[in-house]
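These are my notebook entries on how two chains meet.

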2 protein chains.
Amino acid sequence: MKILVIGATGTIGKAVYESLKKEYTTVYGAHRNSSSYPVDITDKNSIRELLEKLPKLDAIINAAGTASWKPLYDLTEEDYYIGIKSKLMGQVNLVNIAKEYLNDNGSITLTTGILAEHYEPGAVALSLVNGALHSFVNAASNELERNIRLNVVAPGAIAGDFPEDKKFAGYFPIPIDDAIAMYQKSLTENNTGQILKKY
Amino acid sequence: MKILVIGATGTIGKAVYESLKKEYTTVYGAHRNSSSYPVDITDKNSIRELLEKLPKLDAIINAAGTASWKPLYDLTEEDYYIGIKSKLMGQVNLVNIAKEYLNDNGSITLTTGILAEHYEPGAVALSLVNGALHSFVNAASNELERNIRLNVVAPGAIAGDFPEDKKFAGYFPIPIDDAIAMYQKSLTENNTGQILKKY
């Protein structure tokens, strides 16, 4: 199985990449500043260039994407578009391009988080993006051809990255291994259109 | 109570406007081609011009906004942005501007629909927009000041507008009166952050 992990230097992406490398022989780790596999998910051409460079893949996992953290009264329209162009449309464009480059029965796994359904101060723009992606995955998974699967992993805050005794969006952080287990589930089970949550 | 209904010529907006006019003395009906109260929700300046022209309001109901209907494999990035700029950010911008023009304890009611959580062929871009708005309302309602309330009405297809014996996104259409009742609920009850669904 040939797997690509995008965002392989972030808290989640790095852990997923390293975990998968132990199990599978061919795991590519892409990120913005990589010399071997650079990619900027806000740029369609960059996504396409990366996938042109790699052999046909069986799975793509994305853990890249950002959005603006600001209180509602400080958020400008431009602030919302940071998340719309990066975490939202970056992942939507990835799905649209990836479906051409995946082998039959391949899988795509996106990343959102707890903010789609739980409130955290100053995170309205992230909530919007995560909610959009959940509905997108639920719908788009029905129209993917060649048995290509599409799921999204929605973790709470990650322990280590976040104080373990502090709540985020009303929930204590989860161990990184619980997040990794959701990506494994999306990768290896015959599921699609799933929003895999762990808070 | 002074109420503004935006999108007052659409199937839902017109019915809500006419229903409210029977109960309240001051109901403004705005829409794109109105000579008295023109507004284009994709344009922040147009929203602000409308609200500058009106007295301070107690409630704003929006039923305007569009998105692209196309199968997943035909949707371009530009197609997604039709809905993002209109139904999604049009309503987000409306909230951000409206919060300055509403009286204390005022309310804002947005409109989404069943596609946020149920699949209909060719409606992926609408699903994305509706899901984004649900998470936005859930989050943003916590940060609105002066006791301004924010809810969203999510109806199924409307009977009359849609064949009554045909399912849309897996559900038969609902009577328009059921949709109106949800806007009334948002208008008159002391609720906020609610996603009022009727499928």
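Which side chains meet in a salt bridge, N to O, at 2.8 Å? I found that those of A:Lys44 and B:Glu77 do, where a salt bridge is a side-chain nitrogen of Lys or Arg within 4 Å of a carboxyl oxygen of Asp or Glu. Across the interface of chain B and chain A, the rule finds two salt bridges.

I noted that this is a predicted model, in which local features need pLDDT of at least 70 and side-chain atom pairs count only at pLDDT 80 or more, while totals for chains, interfaces and linings use all residues. Residues are numbered from 1 along each chain as its sequence is written, chains are lettered from A in the order in which they are written, and side-chain values use heavy atoms, with hydrogens and water left out.

Next I looked up the extent of the interface. I read that 39 residues of chain B are in contact (heavy atoms within 4.5 Å) with 39 residues of chain A. Together the two chains bury about 3,200 Å², 59% of it on carbon and sulfur atoms, buried area being the accessible area (1.4 Å probe) that two parts lose on being put together, summed over both.

A rotation of 180 degrees with 0.0 Å of shift along its axis superposes chain B on chain A, with an RMSD of 0.0 Å, by least squares on the C-alpha atoms of residues with pLDDT of at least 70 in both. That is the relation of a two-fold axis. In chain B, the C-alpha nearest the axis belongs to B:Ala132, 1.9 Å from it.
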